Amino acid sequence: MKFLKDKQTRHDFVTYAMCLVAFAIVFFMQSNHMIPRMIAGQLVPITAYIVMAISLNLVVGIAGDLSLGHAGFMSVGAYTGIVTAVALESAVPSDPMRLIISIVVGAIAAAILGFLIGIPVLRLSGDYLAIVTLAFGEIIKEIVTCLIVGVDSRGLHVIFNITGNSTINDLHLLEDGTAIIKGAQGASGVSTYSTFLAGAILVMVALVIVLNLVRSRTGRAIIAVRDNKIAAESVGISVTQYRMIAFVVSAALAGAAGALFGGNFSQLSATKFDFNTSILILVFVVLGGLGNMRGSVIAAALLTVLPELLRQFSDYRMLIYAIVLILVMVFTNNPQLKAFFARIKDRFASKKEVAADAQ
Amino acid sequence: MTVFIQYLVNGLSMGSVYAIIALGYTMVYGIAKMLNFAHGDVIMVGAYVSFCATSYLGLPGWASVVLSCVACTVLGVLIEGLAYKPLRQAGPLAVLITAIGVSYFLQNAAQLLWGATPKNFTSLVTFQVPEFLAKFNVSAVSLVTIVACLVIMAGLMFFTGKTKMGKAMRAVSEDKAAAQLMGINVNRTISMTFAIGSALAAIAGVLLCSYSPVLQPTTGAMPGIKAFDAAVFGGIGSIPGAFVGGILIGIIEAMAQAYISTSLANSIVFGVLIIVLLVKPAGLLGKYVPEKV
């Protein structure tokens, strides 16, 4: 185990091990029916959110670009994933196989879109980049809301519903056809095919991809660009190229997470992937720690479960969630409070020392 | 032609609402360098206060506006003092997430207080429109909104340009440390900015709901985002920029809805914003500061 001597590698392997243990525990509980019903339904979304948090952390934490439209990539992944899965229903009868194909297709579609959006977006930085990604997120949402897609034995039919007057009947599907996306209603009547196992595997794949990218030469270049663009450029690092790599990889992972997420619901409308979802994922990333993938995983899992656990407070739960969010931010970022906690910690530490000395 | 003018007036009045909201965003950004995501929800609170004052307390319209201005000012200063002030030295992301937390808090508190079912806001503007304007279907609300926006804009220009507090604000937005050395109370100036921004949000809320009368806890969210766009569009931190940006966003939105597509109107607004930012990275009237080594 010589490679574990390196501190970063050790840190990464602890992250992998932690995830594997957590997944093993959940599997054990699942097979023994020990998971409360309200959380059982959240298992696949939790894994999808974890992947989203990892992917957003790559852009926000590692590359330093604040993106507020990440849910857009998720929605592209989800819808291409659903369309792929339904279109291949007869060709590929096995559910897991179709899930894999739809995740790959969703990831590729989101990556292509990420590249196209990245060209204009990465010319900006800071708050301006944030508002433009927000704008793209909203645009993607509205465009998806306008889509009507159906499939029959002649192939795929798509209508772009600009006027708002078209319906599924305008697709003129044959008898054997099915409507997949119905405009503002979104995708409905789709059989679900995502499983927790697939989600767990996707989380591990995303972790391996991102952690290896971060520790590679490319990753160091991306971090250099984040820390100081001008300095990075002056040593010959192409700023745009490396930001683009981070952006596209992140978009692809978000697309994969979206495909997984989409396969978990029989009814999914585009408004599910609005600004609030982008913000939710950003909250995971910031609370978990910028650039800290392990933190993202933990924060995404905890904060998805938290509202469910707060369900006994029914109406107050989102209020409590908001207060917790504000308090955590204030307590972890206020210099006076930080110093206060450090003093308490010191006092405990010194007491222990005194106790140790006395013995 | 009549129809075109009608759309134009609609755009102008919606744009005026955006401009008033955007002024709040831009002042706070200029001075505290933070994106105050909770601003849109202060609008909603302002509208609710006015709604309660007129329907439950039976106050006249103008009194309800004054009351909601006072309530929002207090709310704005409270939010700043409790949530943002402890984070003065923290990074921009921490403040952003806190602002989002405040936004969640306001929305959910409003839902608990007033319920999720939309309230029907009765317009506070009831006078008769002059004959020559009525021909073009110009509503009284549109007229009041546009006039209010112009008055507020002129007032703010005077305030920041001529008064002592306004000058202090400009000084703080330019350089906090230097302003402090000149004897300016930075914390008080920032609180003052939040107070003004929130009072403006209250007026915007009443006007917005007089215009489209559905009032619910999420009422402020989308206009908030669009006004934020307007602020960036005009150049964030610049007061005339927020005004120009707001009006332009309003007109573009109205025209897109009328002539292109209702369901894609927001996309067109955002698309124009993206194009403008690519051509002028600091917005229409913003100062572009090149990075120096």
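## Strands of chain A

A:Gly150 has A:His157, in E2(A), as its bridge partner. Helices (H or I, at least four residues) and strands (E, at least two) are DSSP runs, numbered from the N terminus. This is a predicted model, in which local features need pLDDT of at least 70 and side-chain atom pairs count only at pLDDT 80 or more, while totals for chains, interfaces and linings use all residues. Residues are numbered from 1 along each chain as its sequence is written, and chains are lettered from A and ligands numbered from 1 in the order in which they are written.

Strand E1 (residues 147-152) of chain A pairs with strand E2 (residues 155-160) in the antiparallel sense over 6 bridges; pairing here takes at least two DSSP bridges between two strands. The two form a hairpin, with 2 residues between them. E1(A) also pairs with E3(A) (residues 178-182), again antiparallel, over 4 bridges, and there A:Val151 has A:Thr178 as its bridge partner. Because 5 of its 6 residues are buried, E1(A) is largely enclosed by the rest of the structure. Buried means 20 or more other C-beta atoms within 10 Å of a residue's own, exposed means 12 or fewer, and partly exposed lies in between, with C-beta atoms placed from the backbone.

## A look at A:Arg294

A:Arg294 sits in helix H12 (residues 293-309) of chain A. A:Arg294 counts as partly exposed because it has 19 C-beta neighbours inside 10 Å. Its C-alpha atom is separated by 8.6 Å from that of A:Ile54, 240 residues apart along the chain.

## Where the chains meet

Here, 37 residues of chain B are in contact with 37 residues of chain A, contact meaning C-beta atoms, placed from the backbone, within 7 Å. On the chain B side, H4(B) gives the largest share, 12 residues.

Conventions. Contact = placed C-beta atoms within 7 Å.
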